[in-house]
Amino acid sequence: MNDLLIVGRSGGGRRSVVSLLAHMFRLQVFSPAPSRKYGDKEWKRDLKQVMQMTGVEKQHTVFFLEDHHMLSSSFLESINSLLSTGDVPGIWTNEELEPLLAPLKEEWAASQGRGGTARTPFEYFVQQVRERLKIVLSMDAKHPHFLPYCAANPALFSCTTMLWLDEWSQQSKTVICQQMLGDIVADKKANIGLLLMRIHESQHPMGACPRHFITLLETCKQMYQAKIETSSGQSTHLQKGLQKLLEVSQTVEQLKADAEEKQKVLSEKQKLAEEALTRITDAMQRSAERRQEVEQLEQTTKTEQEKNTAEKASIEAELADIQPILDSAKKAVGSIKPDHLNEIRALKMPPEPIHDVLNGVLRLMGNYDNSWASMKKFLQGGGGIQRIMQFDPRQITAEIRQDLEKLLKEKANSFDHATIYRVSVAAAPLAKWVVASVKYSSVLVKVAPMEQKLEAATRTLEKAQQKLENYKAELVEIDQQVVRLKEEFEGRTREAEVLRVDLDRATTTLSKADSLMSKMSGERDRWQQQTREIQRDAELLSTYTTLAAAYCTYLGQFSEDYRAQANQSWIASVGLESYDILRQMSSESELLTWKAQGLSADRLSQENAVMIKYGGMAPFIVDPNSQAVEWLKQHEPNAETVLQQDPKLGSQLELSVRFGKTLIIQEVDGIENFLFPLLRRDLVRQGPRQVVQIGEKSCDYNEGFRLYLCTRNSNAIDQLPPNAACLVTRISFSVTRAGLEGQLLGATLQHEKPELEHRKSELLQKEEQLKVELADLEKQLLTALADASGNILENEPLIRSLEGAKAAASTISTSLAESSRLQVDLDNEREVYRPLATLGSQIFILVRELPHIDHMYRFSLDAFMVLFNKVLNLNLGTDSTEDKLRQLGNQLKIMVLFYLSRSLFKADRLTFGMHMVRGIMPEKFNENEWELFQGTYIPPNQASSGPPAWCPPDRAPALQLLRAAFPRVDDQWALGKDSIWQP
């Protein structure tokens, strides 16, 4: 890699190419970091550092220098010497050389043995510097210092390889557009890439460079994204609002149909409820009757049950005496031991008592076989005892009982307990049982009628109880039916009530819907129109944002006329009829807010405000009257201000960059070199941080940082070198004819009709306030509708809010209409004084052109305003407004002419007088007259006669030239009458 001189425009990629090459060849890149106090001392320090890096530390290094690094011609002289000899004479002192060369002495001595050509260690050091140091100069051919620097430093050509980087090719621009804009240039129908390149090429005569093209693309992208978000959100809100209104409109029709249907259903439900009520009444009546029957039956059953209970008690009383005896006998029988039975069975013939007892037992059992064998069989195995235990006395028939009673009577001794017990222990219990059973049977015979009666009564009672249970079950069923009918009735009634409530709600909602639709009809039509406009604008959004970006990038420093001309040529190239950057990039409320903050109402100032807001670079604002600065302070209330001449500028700038503040630098004479890295956004990423070089310090960069450069010097933009001009958005608030005319009209009215100006100010202020309020209310209406969920007709707070907002909006609209009408009347009164303001603005524009004659002829607007106010204060002694304005105009011409003539050289006074006359009354000049005075017209013929006698000889040639060009002046001016012209 050789030493290079790269010549090209800013933004062409020179620095990027060098950085890429250095990375490829593994070279260090070193560039000075100029601060506010950077001078020869700091320059030599940097030179020593880079020479030490290459000559002693053996680092291969690229010393990269740009135009803003070359603060003095002596800097380039040092580079010239470094290129040609590898050294800068006088840069090292003897005290510095000794420690510098000490590490190289051994290497130098070793090189002598290898045939080295360096005779001294210093020469060896210079060889190492030339071998490892690569100098790259990046210069702009448009810079005013380029040619003088090149002419004074021949080594820039003789010792470097020169690369001339011209404007990018069409292919390169196309690729860059595709990479930076992506989808924006993908629309082949709009052909945005071609439009961007065409706009950039149209500004080449005005100094446009590749950096402007990059800025154009970045600004276009930012504007497009912002517009997409805004228009998308606004379109979404409009569509949602319109959708809600459409839903309300559809709801009105639906509600009418629903109300009729609900009325029919309500009638049916009410009829069903009445039927259910009738059935409930019938069921409850049956329930009452059945309940009465149940109560009577319960009373009868209760009486019968009491009688049965008494009968049962009587029977139980009769049986109460014998039952224990029978039970005792059974128990005694059960206690007979088998041995005792075996003893009886072992008898060949039993004694008579035993025989009688066993005969009684068998007879009770219904067995009349009274043989001993039969008796023994009965006693065998204990089965007889078991039968006795299980025997029911109710089985004893009357015949058996009578037979046994006879037996007991005849054989009473055998059944005597003492007798039978002596005979047989086992037979005694049997005898006792026989006696008890017979007695029990006799009692049963006695109570049998009573039991039959009780059984009959019991059956009757059971039937009554069954009937009672049936009646109770039927009553329960009736009660359940009543409950079901009541539930059905309640359900029918509830449904009917719900339908009635729904019908009332539907009626109320229908009324609200009709009211809402009538009140919102105007908004709906306006929002539909806005939606159509947004959709139409969306199709041309990329074209609109391209034009806006071009406007902000290229036209900020130009006058209104040039802006209109450039804008017209651009829109003609894309086939548009018109394009208004204010309509595209600002809203009416925003313009009104800016005006309230102090921004002038003229179009140039409003366009400049848009450029300040959307420009892709830091604004460089030319503001001769400090009006823009005052607006900027109101627009950025938290901004800090500092003068460029302030010694604390560096520290304040560093704090603003670090903490994301807004900084306004005033009285800027030019762009200082230490600002270049910041304006170019030469950001270096260190982990999550981004840092930028500000002088000798690396400072954290905050994305919230904003910088405004302001100056009152009208020529400041023209004085910016091209490498600095392309880093800022140049914006001029210089006086224009339209702006000055409005200012002079205000001054005239303030003097002549102060009440008009006061009323105008009040009306404008009120109108601005009303428009802002109206815009806010419409936005509130739209947001409320768009964000509403569900049925908005049921949203009472929303309805009240919409009605309140609409009422306020209607009131404001009425007030605006009245204000507009009053303003038209005031404007008509104000227009009476406009001719004087127009004349004053014409004269000042003519006065401002005096520096073309001599650069010392400079007159400020403040001085002109003093003259204008003096003219207004003249007492002309007339009451007629028209006559007074005519006289004021004449006095203004005379006063300006006399005032300025005293400041001009004598030779320039007539020139200024002619210039002033032609500027004010161009219609007074015929064809070729002005060209004759300028010396650009030569008459084809000579004068018809010699010069008049009164004409001085030294002026005769000029008069003859005038007469030859315009023969009519002889008669019009009466040149032949000596009495008129004789001095």
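Glu672 and Arg36 join their side chains in a salt bridge, at 3.0 Å from N to O. Glu672 sits in the loop between β8 and α26 (676–679), and Arg36 in the loop between β2 (28–30) and α2 (40–55), so the pair ties together parts that are 636 residues apart in sequence. Arg36 is partly exposed, with a relative accessible area of 32%.

The model is predicted. Across the whole structure, a search finds 30 salt bridges.

## The chain as a whole

The chain has 983 residues, and 44% of them are buried. It holds 39 helices and 13 strands.

Strand β8 covers residues 662–666. Five of its five residues are buried, so the strand is largely enclosed by the rest of the structure. Thr662, Ile664 and Gln666 point one way from β8. Leu663 and Ile665 point the other way. Residues on both sides are buried.

β8 pairs with β7 (residues 640–643) through four bridges, and the two strands run parallel. Leu643 stands opposite Gln666 in this pairing. The chain passes from β7 through helix α25 (residues 649–659) to β8. This β-α-β crossover is right-handed.

β8 also pairs with strand β12 (residues 706–711). Four bridges join these two strands, again in parallel. Here Ile665 stands opposite Leu709 of β12.

Side chains of opposite charge can pair when their charged atoms come close. Arg603 is partly exposed, at 37% relative accessible area. Glu607 is buried, at 4%.

Salt bridges can also share partners. Glu654, Arg658, Arg689, Lys697 and Asp700 are joined in this way into one network.

Arg45 and Asp46 form a further salt bridge, at 3.6 Å from N to O. Arg45 is partly exposed, with a relative accessible area of 38%. Asp46 has a relative accessibility of 5%, which falls under the 20% cut-off, so Asp46 counts as buried.

## A nonpolar surface patch

Leu20, Met24 and Phe25 form a nonpolar patch on the surface. Together they have about 340 Å² of accessible area. Met24 lies in helix α1 (residues 14–24). The relative accessible area of Met24 is 56%, over the 50% cut-off, so Met24 is exposed.

Methods: Residues are numbered from 1 along each chain as its sequence is written. This is a predicted model: local features need pLDDT of at least 70, side-chain atom pairs count only at pLDDT 80 or more; totals for chains, interfaces and linings use all residues. Side-chain values use heavy atoms; hydrogens and water are left out. Patches are made of residues with over 30% relative accessible area and no salt bridge: like charges are joined within 9 Å, nonpolar side chains (Val, Leu, Ile, Met, Phe, Trp, Tyr) within 5 Å. Accessible areas come from the Shrake-Rupley method with a 1.4 Å probe; for residues, only the protein chains shown count as cover. A salt bridge is a side-chain nitrogen of Lys or Arg within 4 Å of a carboxyl oxygen of Asp or Glu. Buried means under 20% relative accessible area, exposed over 50%, partly exposed in between (1.4 Å probe, protein chains only). Two strands pair if DSSP finds at least two bridges between them. A crossover is right-handed if, with the strands pointing away from the viewer, the path from the first strand over the helix to the second runs clockwise.
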